[in-house]
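Open the model in your viewer and keep the selection panel at hand. The stops below say what to select next and what is there.

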Amino acid sequence: MTPQRHAILEFLFDCESHPTADEIYKALEDKFPNMSVATVYNNLRVFKEAGLVRELTYGDSSSRFDSNTSHHYHVICDDCGKIVDFHYPGLNEVEALAEHVASFRVRSHRMEVYGTCPDCRQKH
């Protein structure tokens, strides 16, 4: 494991904000001035394929990365884009119900809740 790869992974495990590749790059560029954004993207791809991180895609915005690979959901701020994890085990049965009702073989599901975070509410 290269020092850059270790730093990227450590940053993801310590970070609760679901950063973009660019945010990871900016956070680590002082420590690794020769590291490129491509290095960050390549390592994120490797981590994703290894099951160490999940890639979160929301519309046209940049992918965000989550080191919490357990099944959970996200609350997303409409104003600043902040993403917060939340768990709700009652939704786990949704996949079984979808398979039964639609005769699909369900691979996964995701749920997103949108609103305004406390910081943005306080600004308004």
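Select helix α1 together with helix α2 (residues 21-28): their axes come within 11 Å and cross at roughly 110°. Axes here are lines fitted to C-alpha atoms, for helices over the stretch in contact, and angles run from 0 to 180 degrees between N-to-C directions. Helices (H or I, at least four residues) and strands (E, at least two) are DSSP runs, numbered from the N terminus. The two helices α1 and α2 are therefore roughly perpendicular to each other; angles under 35 degrees count as roughly parallel, over 145 as roughly antiparallel, 65 to 115 as roughly perpendicular and the rest as oblique. Their crossing is right-handed. A crossing is called right-handed if the near helix is turned clockwise from the far one by less than a right angle, and left-handed if anticlockwise.

This is a predicted model, in which local features need pLDDT of at least 70 and side-chain atom pairs count only at pLDDT 80 or more, while totals for chains, interfaces and linings use all residues. Residues are numbered from 1 along each chain as its sequence is written, and side-chain values use heavy atoms, with hydrogens and water left out.

Now show side chains at this crossing. From α1, pick A7, I8, F11 and L12; from α2, pick I24, A27 and L28, which they meet (contact means heavy atoms within 4.5 Å). By class, the contact of α1 with α2 has seven nonpolar, no polar and no charged residues. Ala, Val, Leu, Ile, Met, Phe, Trp, Tyr, Cys and Pro count as nonpolar, Asp, Glu, Lys and Arg as charged, and the others, Gly among them, as polar.

Which residues of α2 are buried? Select A21, I24, Y25 and L28; buried means under 20% relative accessible area, exposed over 50%, partly exposed in between (1.4 Å probe, protein chains only). Look down the axis of α2: these buried residues fall within an arc of 100°, so they line one face of the helix. The arc is that of the directions from the helix axis to the C-beta atoms. An α-helix has 3.6 residues a turn, so residues three or four places apart point the same way. The partners of the buried residues of α2 are α1, α3 and β2 (64-66).

Stay on α2 and centre on A21. At 2% relative accessibility, A21 counts as buried. Leaving aside neighbours within four places in sequence, A21 is in contact with V40, Y41, L44, S63 and F65.

Not counting residues up to four places away in sequence, Y25 touches M35, S36, V37 and V40.

Helix α1 (residues 3-14) and helix α3 (residues 37-49) pack at an angle of about 70°, and their axes are 10 Å apart. That makes α1 roughly perpendicular to α3. Here too α1 passes α3 in a right-handed crossing. Select R5, I8, L9 and L12 in α1, then T39, V40, N43, L44, V46 and F47 in α3, to see the residues that meet. The contact of α1 with α3 divides into seven nonpolar, two polar and one charged residues.

In α3, click on A38. A38 is partly exposed, with a relative accessible area of 43%. From A38 to L12 the C-alpha distance is 17 Å, across 26 residues of sequence.

Two loop residues come next. H18 sits in the loop between α1 and α2 and has a positive phi of about 55° although it is not a glycine. H18 is buried, at 3% relative accessible area. S103 is in the loop between α4 (93-102) and β5 (112-115); its phi is near 60°, a positive value in a residue other than glycine. S103 is exposed, with a relative accessible area of 65%.

Finally, zoom out. The protein has five helices and five strands, which run α-α-α-β-β-β-β-α-β-α from the N terminus on. Its C-alpha atoms fill a box of roughly 55 × 40 × 25 Å along the principal axes. Of its 124 residues, 27% count as buried.
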